[in-house]
Amino acid sequence: DNTVNVNLRGTFLTVKYGVPYLKDNGGAVIITSSISGTRAFKPGRSAYAATKAGGAALGQCLAVELGRFNIGVYAVCPGVVGEDTLNMLEQTERRKLEEVQDGGREE
């Protein structure tokens, strides 16, 4: 449920409530999908893949619906992230967690 709520419902609601602003002020919608939404990679990832496929499909539908308002809609589908990048992100998250646990105190 959490994967669907965050990846698909969250995307839908963000667009739903953002579109009136875009109609008045212009702009574009960018949906972050995933290459996992276009093909199967790993067993056990079907919920994630389904939500990312749904995000890409939502983008296609919105492009048709919102084009008449000159609102561009784009879905980006990043591929696999390299191990070095994942390690860097993990280290960054660990530092942030340590800062929170330390109450932001400097040593």
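These questions and answers concern a predicted model.

Reader: How many bridges join strand 1 to strand 2?

Author: Strand 1 covers residues 28-32 and strand 2 covers residues 72-76. The two strands run parallel. Ile 31 has Ala 75 as its bridge partner in strand 2. The number of bridges joining the strands is five.

Reader: Is Ser 33 buried or exposed?

Author: Ser 33 sits in the loop between strand 1 and helix 2. Its relative accessibility is 3%. Buried means under 20%, so at 3% Ser 33 counts as buried.

Reader: Which residue has its backbone oxygen 2.6 Å from a polar atom of the Ser 33 side chain?

Author: Leaving out residues up to four places away in sequence, Ser 33 touches Lys 52, Ala 53, Ala 56, Val 76, Cys 77 and Pro 78. The backbone oxygen that lies 2.6 Å from a polar atom of the Ser 33 side chain belongs to Lys 52.

Reader: How many residues make up the largest nonpolar core?

Author: In soluble globular proteins, nonpolar side chains tend to be buried together. Here the largest nonpolar core includes Val 15, Ile 31, Leu 62 and Val 73. Helix 1 (2-25), strand 1 and helix 2 each supply at least two of its residues. The core's total is ten residues.

Reader: Which residues does Leu 62 touch, not counting residues up to four places away in sequence?

Author: Leu 62 is one of the residues of the largest nonpolar core. Beyond four places in sequence, Leu 62 touches Val 15, Ile 31, Gly 67 and Val 73.

Definitions and conventions: Residues are numbered from 1 along each chain as its sequence is written. This is a predicted model: local features need pLDDT of at least 70, side-chain atom pairs count only at pLDDT 80 or more; totals for chains, interfaces and linings use all residues. Side-chain values use heavy atoms; hydrogens and water are left out. Two strands pair if DSSP finds at least two bridges between them. Helices (H or I, at least four residues) and strands (E, at least two) are DSSP runs, numbered from the N terminus. Buried means under 20% relative accessible area, exposed over 50%, partly exposed in between (1.4 Å probe, protein chains only). A polar contact is a pair of N or O atoms within 3.5 Å; within protein, one must be able to donate a hydrogen and the other to accept it, and residues adjacent in sequence count only if both atoms are side-chain atoms. Contact means heavy atoms within 4.5 Å. A nonpolar core is a set of buried Ala, Val, Leu, Ile, Met, Phe, Trp, Tyr and Cys residues joined through side-chain atoms within 4.5 Å.
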